Amino acid sequence: MKNILFTVALCIALCSCDLSHRYYNPDIRRDKDVRTTSDTLQLSEMQSLNADVYKLLCIDSYLILAQRDKDALFRVLDTSTEKELAVFGQLGHALNEFGNFPFFEGQIYCLRDEKGLPLLFVKDGTCTKVIDLRRSVATKKCVVKSVIKGQNRSVFHSTFYLPGQKRFIYKRVSYDDPRDNLFYPPEFCLIDDEEKIWDVYPDIVKPKDFPQSVDADYDQMLIVSTDGLHVASVNSNIDITTIFDLSKKQSLGIVNPDSYTYEFLEKEITESNAHEKIRLYNVSACAAREIFVVLENGKTLDEINRDEASGRENKGLKLCGYDWDGNCQFAYCIDKNISNIAYDDSHHKMYAIDVASGKLYAGMLK
């Protein structure tokens, strides 16, 4: 009898484990350090922004504001003095110009070249332009060091070019024909001397009542460390983060045990209740060499909309820094309704944009 009970218990445990890994299966998986916060990061206003800034980036002493201004796509500030160093980049068709505002799927990121000099990678249509930041700041003109022509992959793919001729490729949710409700899961791939593919989503969520939500279920932000050795995929609507160690060719999944799962999205979400049940767990993310930082929320879409409609300050935001092993290094409450963050690792300083006022803020970490 004891043997029978043991066998039943083991089967139940194995089935539960199988279900928990059905929609998410990285090489290594562990629970997130859900840390409570008592300290508040005091953010001070730097300046009002004259243009719509959709991306902040930091590298060396440069704070880069990528903005929707056809005559000034990039504005660079000195992180030590907070003074403007240069404005450059225009819409156009020349080598040093861009065909459209370069915000497509966040494929704008900073890396260092083989000499350690800072570069800005910007997707422009079917190619990626590599901007020499130091020369661009010195001349106050956009200096494109090289142009990388697009690879022969579908429109569903996003390619991040890394040092040593490496490429990290993310394939988002795809389909042959959206009308048949047959979707293919996201996929991550590293190409160097060989091709390494991670199937961290071996099955796709196929909600019967709300098939249009599939792409949103897997919505995520991809961030790259400035040395090009790590990539993190931070999901927006379910609290998981996948860290890819490109030297070890290994994926590490950090899962918030308090978050709902993909099974919940599949079985419980319909078009009518989506705003009540789907939560915006992660708002923004940025990467440095040693750590990455995530702006976390956790409110439902209805709660966020009610806050905006009533003009209330969003007091639920939290700023958390993690090393590339997924360990929480710091956690702060935020006293502003911010988005679009950047981290200056040389001065341990955070930058952010206030959603309502459109102002640029800065705060020193303790």
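A residue counts as buried under 20% relative accessible area, exposed over 50%, and partly exposed in between (1.4 Å probe, protein chains only). The model is predicted, so local features need pLDDT of at least 70 and side-chain atom pairs count only at pLDDT 80 or more, while totals for chains, interfaces and linings use all residues. Residues are numbered from 1 along each chain as its sequence is written, and side-chain values use heavy atoms, with hydrogens and water left out.

**View A. An open sheet of five strands.** The strands run in the order E2-E25-E24-E23-E22, with mixed pairing. At the edges sit strand E2 (40–41) and strand E22 (279–287), each pairing on one side only. Here helices (H or I, at least four residues) and strands (E, at least two) are DSSP runs, numbered from the N terminus, and two strands pair if DSSP finds at least two bridges between them. Strands of a sheet pair through backbone hydrogen bonds, either parallel or antiparallel.

**View B. Strand E2 beside strand E25.** E2 and E25 (residues 328–334) pair in the parallel sense over two bridges. Look for threonine 40, whose bridge partner in E25 is cysteine 333.

View C. The side chains of arginine 279 and glutamate 303 meet in a salt bridge (3.7 Å, N to O), that is, a side-chain nitrogen of Lys or Arg within 4 Å of a carboxyl oxygen of Asp or Glu. Arginine 279 belongs to E22 and glutamate 303 to H6, so this pair ties together parts 24 residues apart in sequence. Glutamate 303 is partly exposed, at 28% relative accessible area.

**View D. Glutamate 82 meets lysine 349.** In this salt bridge the closest N and O atoms are 2.7 Å apart. Glutamate 82 lies in the loop between strand E6 (74–78) and strand E7 (84–88), and lysine 349 in strand E27 (residues 349–354), so the pair ties together parts 267 residues apart in sequence. Glutamate 82 is partly exposed at 29%, whereas lysine 349 counts as buried at 10%.

**View E. A salt-bridge network.** Asp192, Asp193, Glu194 and Lys249 are linked in a network of salt bridges. The model's count comes to 20 salt bridges.
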